[in-house]
Amino acid sequence: MAGSRRKSPGITPEILLRAYSIGLFPMAESADDPEIFWVEPDLRGVLPLDDFHISKSLAKTIRRKPFDIRFNYDFEAVISACAAETGDRPSTWINQTIRSLYSTLHRIGHAHTVEAWDGDQLVGGLYGVSLGSAFFGESMFSRRTDASKICLVHLVERLRAKGFTLLDTQFTTEHLKTFGAIDVPKDEYAHILAAAMESPNLEF
């Protein structure tokens, strides 16, 4: 994880939002570790909203509408699912402090979810933070094929409709690169972020 890291002995929702506004985000070493540290990658993952790619197969799946897509319906269930250990993800960086902080951000209108439901079952989703005209993606999970991908597509559609200018993914992965995610050098990212922070807080 290239970039700077610094420990944070105490953090409030207000401090957390301020950190996002200057390019920092928090992580923990593990779910059981109460400590939080700030991360500022040398290369920042960004998913350009005007250059978002969807494969033909995924587009075909979306047209079938396999899931009921909901926004901000059950934030606690989504963050719990993102924090859960799975076979593909035996450990997680989402500790109790992070869960509490983001739940507070949700209550005050700065943290949001996109959720995929199959009947009364939550089968995929993602959550992130909105500030200015930026959305900072935090984590996603999937319990059904393509569920999280479909949530990401609906997230991008919503951000475009609401006038957002930045979708921050923190890091890029091969999965995100298939949608058009790119690595942006820290200095360049700072200019993009500053422009997004000049906007009033957009409604998600």
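1. Contact here means heavy atoms within 4.5 Å. The model is predicted. By that criterion, the cover over the buried residues of α1 includes β2 (25–27), β3 (36–41), α4, β7, β8 and α7 (186–197). The buried residues of α1 itself are Pro13, Leu16, Leu17, Ala19, Tyr20 and Ser21. After α1 comes Gly23, with a positive phi near 95°.

2. Now the sheet. Its 7 strands form an open arrangement in the order β5-β6-β7-β8-β9-β4-β10, and the pairing is mixed. The edges are β5 (68–71) and β10 (182–185). Each has a single partner strand, so one side of each lacks a neighbour in the sheet. From one strand to the next, the twist averages 35°.

3. Helix α1 (residues 13–21) packs on it and touches β7 (121–131) and β8 (134–142). The direction of α1 makes about 75° with that of β7. Helix α3 (residues 75–83) also packs on the sheet, touching β6 (111–118), β7 and β8. For α3, the angle with the direction of β7 is about 100°.

4. Look next at β4 and its partners. Strand β4 (residues 43–46) pairs with β10 in the antiparallel sense, over 4 bridges. In that pairing, Val46 stands opposite Ile182 of β10. Strand β4 is also joined to β9 by 2 bridges, and these two strands run antiparallel. Here Val46 stands opposite Asp168 of β9.

5. How many of the residues of strand β9 (residues 166–170) are buried? The count is 5 of 5, so the strand is mostly covered, buried being under 20% relative accessible area. Both faces are covered. Leu166, Asp168 and Gln170 are buried on one side, and Leu167 and Thr169 on the other. Strand β9 is joined to β8 by 3 bridges, and the two run parallel. Phe136 has Asp168 as its bridge partner in β9.

6. Two residues deserve a check of backbone geometry. Most residues other than glycine have a negative phi. Gln170, in strand β9, is not a glycine, yet its phi is positive, near 70°. Its relative accessibility is 6%, so Gln170 counts as buried. Asn72 is not a glycine either, and has a positive phi of about 55°. Asn72 lies in the loop between β5 and α3. At 27% relative accessibility, Asn72 counts as partly exposed.

7. How do α1 and α4 meet? The axes of α1 and helix α4 (residues 96–107) come within 10 Å and cross at roughly 85°. That makes α1 roughly perpendicular to α4. On the α1 side, the contact is made by Pro13, Leu16, Leu17 and Tyr20. On the α4 side, Leu101, Tyr102, Thr104 and Leu105 take part. These residues divide into 7 nonpolar, 1 polar and no charged.

8. Pro13 belongs to helix α1. Is Pro13 buried or exposed? With a relative accessible area of 16%, Pro13 is buried. Beyond its neighbours within four places in sequence, Pro13 is in contact with Leu101, Thr104 and Leu105. Pro13 and Ile79 are 66 residues apart in sequence, and their C-alpha atoms are 16 Å apart in space.

9. In soluble globular proteins, nonpolar side chains tend to be buried together. The largest nonpolar core in this model has 40 residues. Those with the most contacts inside the core are Leu16, Tyr20, Ile94, Tyr102, Tyr127 and Phe136. Helix α3 gives the largest share of this core, 6 residues. Another core, of 25 residues, lies apart from it and includes Ile150, Leu152, Leu155 and Phe164.

10. Which residues does Phe136 touch, not counting residues up to four places away in sequence? They are Tyr20, Gly128, Val129, Leu131, Asp168, Tyr189, Leu193 and Met197. Of these, Tyr20 is also listed with Phe136 among the core residues with the most contacts.

How values were computed
Residues are numbered from 1 along each chain as its sequence is written. This is a predicted model: local features need pLDDT of at least 70, side-chain atom pairs count only at pLDDT 80 or more; totals for chains, interfaces and linings use all residues. Side-chain values use heavy atoms; hydrogens and water are left out. Two strands pair if DSSP finds at least two bridges between them. Axes are lines fitted to C-alpha atoms, for helices over the stretch in contact, and angles run from 0 to 180 degrees between N-to-C directions. Angles under 35 degrees count as roughly parallel, over 145 as roughly antiparallel, 65 to 115 as roughly perpendicular and the rest as oblique. Ala, Val, Leu, Ile, Met, Phe, Trp, Tyr, Cys and Pro count as nonpolar, Asp, Glu, Lys and Arg as charged, and the others, Gly among them, as polar. A nonpolar core is a set of buried Ala, Val, Leu, Ile, Met, Phe, Trp, Tyr and Cys residues joined through side-chain atoms within 4.5 Å. Buried means under 20% relative accessible area, exposed over 50%, partly exposed in between (1.4 Å probe, protein chains only).
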